[in-house]
Amino acid sequence: MEIEHKQSLGLHLNLQKKRSEMPKVNNYMRVIDDMTFMYQNIDDFKLHYRLHRDTFDIVLNEVFIWLHIAYRGGSLPIEPDKQFLVFLNYLGNQQSMRECAHLFGLSKSTVHRVIHSVTSALLQIKDKVIRWPNGEEQKEIARKVQNCGIPGVVGFIDGTHIRLASAPGGDRKFLQQKGLSVNATAESGRSFIQDHQLLADNAYPLRNWLISPYKKYGNLTLQQHRFNKKLSSARQTIERAFGHLKGRFRRLKEATLHDPKDVTQLIMAACILHNFCVINTEELDEFMDSSENDPNACQNVYLNGANGVARRMRLLQLV
């Protein structure tokens, strides 16, 4: 009886201990330095943080001014490099914020604040790596992809599915549906130089600046089949881009943030980092994810434009 009482008392006392007494990882920033400077760990940094240390330094230099916090007394502010590492750890993995906090010796609320701060900082430099090409740049892009067999291609448009851990306001507001957000300048012709366009799949309508394949109703000509094949082959570029993006930044497999604005900004931040990786000529296929199912299993609910139909007919004669 006395032994059982002591065991019960010990269990009760253990349950009374605060959760804050959980041991934290010590000197993790020193471990990260070893990933960079020790030859045997030369690939560890990229493995854990999903980009090369050189790219990390380039981006950190770009966002440093927005992450640097002057010390005004009290708790020391988190250094910009540690903020960026926390963000990359969260974006590149699917672990919880609590696990991320434990790794860096921070609180969960601090991690949440850091993720928001770094996202905001990356959005400040968006225009450096994500912007619409001007006329000369469109011509250069078209020259680079002209081997697809369709002239005047300046880009590709598609959608990808990013699962939400929870849907604010109810699931029905977030049911997967491919719509078309049309820029007014594109519709007026001001976004594209003459005879240049984007390529899309059948979920998109024909426009003078947007070309999709012929639908298969069993009556396509050999020339139309050939056109569809060339368009489909060219569009693999954007499918691979999504594979690279979601393979590198695995948080995009399921977004755990709850505010829709925070989710969209996190996705944009991932796209900004992806473009920095491309510009810095990082190996992209290393993180390629090809497991995603086709997200385009929906019908085109938009009417084809007459100018788009005519534009596709002219292109058909050239392939």
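Visitor: Which helix is Ile238 found in?
Guide: Ile238 sits in helix 12, residues 236-248. Helices here are DSSP runs of H or I with at least four residues, strands are runs of E with at least two, and both are numbered from the N terminus. Before we go on: this is a predicted model, where local features need pLDDT of at least 70, side-chain atom pairs count only at pLDDT 80 or more, and totals for chains, interfaces and linings use all residues. Residues are numbered from 1 along each chain as its sequence is written, and side-chain values use heavy atoms, with hydrogens and water left out.

Visitor: OK. Is Ile238 buried or exposed?
Guide: Ile238 counts as buried, at 12% relative accessibility. Buried means under 20% relative accessible area, exposed means over 50%, and partly exposed is in between, with a 1.4 Å probe and protein chains only.

Visitor: What is Ile238 in contact with, neighbours within four places aside?
Guide: Phe156, Ile157 and Asp158. Contact means heavy atoms within 4.5 Å. Ile157 is 81 residues from Ile238 along the chain, and their C-alpha atoms are separated by 7.2 Å.

Visitor: Let's zoom out. How many helices and strands does the chain have?
Guide: The chain has 14 helices and five strands. It runs to 319 residues, and 38% of them count as buried. Among contacts with a separation of 6 or more, 73% come from residues 24 or more positions apart.

Visitor: Which strands form the open sheet, and in what order?
Guide: Three strands make it, in the order 1-3-4, and the pairing is parallel. Strand 1 (153-156) and strand 4 are the edge strands, each pairing on one side only. Two strands pair if DSSP finds at least two bridges between them.

Visitor: How many bridges between strand 1 and strand 3?
Guide: Three bridges, in the parallel sense. Gly155, for one, has Leu198 in strand 3 as its bridge partner.

Visitor: And what do the buried residues of helix 14 pack against?
Guide: Strand 3 (197-199), strand 4 (210-211) and helix 11 (222-234).

Visitor: Which residues of helix 14 are buried?
Guide: In helix 14 (residues 306-316), they are Gly308, Arg311, Arg312, Leu315 and Leu316. Seen down the axis, they fall within an arc of 140 degrees, so they line one face of helix 14. The arc is taken from the directions from the helix axis to the C-beta atoms. On the face turned away from that buried side are the exposed residues Ala306 and Asn307.

Visitor: At what angle do helix 11 and helix 14 cross?
Guide: Roughly 100 degrees, with axes that come within 10 Å. Axes are lines fitted to C-alpha atoms, for helices over the stretch in contact, and angles run from 0 to 180 degrees between N-to-C directions. Helix 11 and helix 14 are therefore roughly perpendicular to each other. Gln223, Gln224 and Phe227 of helix 11 make the contact with Arg312, Leu315 and Leu316 of helix 14. As for the wording, angles under 35 degrees count as roughly parallel, over 145 as roughly antiparallel, 65 to 115 as roughly perpendicular and the rest as oblique.

Visitor: Switching to helix 4. How does it pack with helix 7?
Guide: Helix 4 (residues 53-67) and helix 7 (residues 108-124) pack at about 115 degrees, with axes 9 Å apart. That makes helix 4 roughly perpendicular to helix 7. On the helix 4 side the contact uses Val59, Val63, Trp66 and Leu67, and helix 7 brings Ser117, Val118, Ala121, Leu122 and Gln124.

Visitor: What about helix 4 and helix 13, at what angle do they cross?
Guide: Helix 4 and helix 13 (residues 260-279) cross at roughly 125 degrees, and their axes come within 10 Å. They are therefore oblique to each other. Here the contact is made by Thr55, Ile58, Val59 and Glu62 of helix 4 and Leu273, Phe276 and Cys277 of helix 13.

Visitor: Last topic, backbone. Where is Arg50, and what is its phi?
Guide: Arg50 lies in the loop between helix 3 (44-49) and helix 4. Its phi is near 70 degrees, a positive value in a residue other than glycine. Arg50 counts as buried, at 6% relative accessibility.

Visitor: And Asp195, where is that?
Guide: In the loop between helix 10 (184-187) and strand 3. Asp195 has a positive phi of about 65 degrees, although it is not a glycine. At 45% relative accessibility, Asp195 counts as partly exposed.
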